[in-house]
Each structure stands twice: as structure tokens, then as C-alpha cells.
Amino acid sequence: MKEDYKPGDLKYVDQNNDGVINDADRVVLGDSFPDFQWSFGNTFTYKNFDLYVFFEGVQGVDMLNGNLIDGYFPINFRRNKFAEPYLNRWTPDNPTNQYPSFVDPLKQGRKVVNSRTLLDASYVKLRTIRLSYKVPKFSSLIQSLQVYVAADNLLTFTDYVGLDPAVNPNNNFNFRMDFNAYPSAKSFIFGAKIDF
């Protein structure tokens with residue numbers, strides 16, 4: 001049975017050109033295993049200052065975004081959803097191809113895994129940065145004094161629309177799915193190291 005598409009509906013590619021969208025039209029869209037991972041850490045020293053930085057990156061990995069699935073195919077209309085697809089959806093006055101109309105999201109069935117819900121989750125993250133200062137010796141009781149400030153999970157550079165592409169809430173690398181995952185917490189630490 002051929003599906004009845006209207007302007008603003010999601011359209012699927014008929015891969016085998018038989019006029020029907022069904023299981024025979026499925027293709028592999030992504031890979032939950034990254035093409036490569038990398039990290040870089042170094043300490044830069046100038047006079048009494050030390051600056052430590054640690055970056056990590058993941059390239060060529062895909063993740064299924066459960067929040068987008070809930071937006072495109074809502075089970076419960078009271079759930080939180082991304083606002084942008086609804087605010088910029090297709091309408092006769094806004095004939096965009098970026099987002100569907102959402103007039104009848106369940107009409108075409110629940111084809112939840114598609115190129116709109118499986119996203120590139122590549123990222124570069126400034127995982128740790130720490131600036132420390134060695135205080136010149138000023139007392140015979142204190143052998144050394146170092147004060148520092150540090151931050152973890154400070155910056156993430158990514159095109160992923162979820163909260164944190166580094167989080168894999170189901171902890172399964174065969175199937176990466178982000179569904180209301182809490183992002184990696186940012187932390188700030190001020191401290192001192194004293195040797196007597």
C-alpha cells in the first residue's frame with residue numbers, strides 16, 4: 001500500500017523502487033563505534049605558574065537521540081521536547097524542508113530510527129584545565145606552597161543537538177542511545193597544597 005504524503009509530512013526513500021515503504025527499504029545509517037578517539041594532555045610552565053590542559057575527542061560516531069524520537073513520534077504529548085522543530089515546523093507560510101508539520105506524526109507509522117533521529121555525536125571536549133602557582137618560600141615552617149584552580153568538563157565542541165555527546169546512558173557501545181541523559185557535570189575546584 002502506497003503511503004499518502006501531504007506537504008509537511010516526513011518522506012522516506014523507496015530504496016528498492018517498488019512503490020512501497022517497508023522493511024525492504026531499510027539501510028544502515030550509522031555506526032556506534034567511532035572511527036577514532038584521541039586525547040591530548042600537557043603541562044605548560046612559565047616561572048612559578050603551571051597550566052595543565054587535557055582534551056579528548058571522538059570522531060565518526062553516531063547516536064540515536066531518544067528525545068528527537070519523542071518529538072517526531074510523540075507517545076505522550078505532555079513530555080518535554082525540543083522546541084526548535086515545533087517552532088520552525090513546516091506550515092503553508094513557512095514551507096521548509098528542515099522540520100515536518102507535526103500535524104499527524106503517527107500517520108506514517110513508527111519509523112523512529114531514521115536520518116532525523118540518528119545523529120553524528122562526534123565531539124572535542126576540554127576535559128580538564130588547571131592553573132597552579134608555586135608561592136615563593138616565605139617561612140621556615142612551610143617547605144612549599146602551591147595554590148591552584150581547576151575545572152572539569154568546561155567546554156564541549158560538537159554539532160550534536162543533545163545535551164552531551166560523550167554520555168552513553170545505557171553504557172552499551174553496540175547501541176548508543178541518548179534519552180534524557182544527564183550531561184557530564186562541570187566542576188570547579190580551588191585548593192592549596194602545603195608541604196611542611
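**Notes on the predicted fold**

1. Reading along the sequence, you get the pattern β-β-β-α-α-β-β-β-β-β. That makes two helices and eight strands in the chain, where helices (H or I, at least four residues) and strands (E, at least two) are DSSP runs numbered from the N terminus.

2. Housekeeping before the details: this is a predicted model, so local features need pLDDT of at least 70 and side-chain atom pairs count only at pLDDT 80 or more, while totals for chains, interfaces and linings use all residues. Residues are numbered from 1 along each chain as its sequence is written, and side-chain values use heavy atoms, with hydrogens and water left out.

3. On overall shape, the C-alpha trace spans about 90 × 35 × 25 Å along its principal axes.

4. Buried residues make up 32% of the 196 in the chain. Buried here means under 20% relative accessible area, exposed is over 50%, and partly exposed is in between (1.4 Å probe, protein chains only). Of the contacts (heavy atoms within 4.5 Å) with a separation of 6 or more, 66% come from residues 24 or more positions apart.

5. Now to Asp-50, which sits in strand β2 (residues 49-59). Asp-50 counts as buried because its relative accessibility is 13%. Its side chain makes a polar contact with the side chain of Thr-45 at 2.9 Å; such a contact is a pair of N or O atoms within 3.5 Å, and within protein one must be able to donate a hydrogen and the other to accept it, with residues adjacent in sequence counting only if both atoms are side-chain atoms. Leaving aside neighbours within four places in sequence, Asp-50 also touches residues including Phe-44, Arg-130, Lys-134 and Gln-146. The C-alpha atom of Tyr-123, 73 residues along the chain from Asp-50, is 27 Å from that of Asp-50.

6. Asn-153 belongs to strand β6 (residues 144-158) and is buried, at 12% relative accessible area. Its side chain has a 2.5 Å polar contact with the side chain of Arg-127, and also reaches the backbone oxygen of Ala-185 at 2.9 Å. Beyond neighbours within four places in sequence, the contacts of Asn-153 include Lys-125, Leu-126, Ser-184 and Lys-186.
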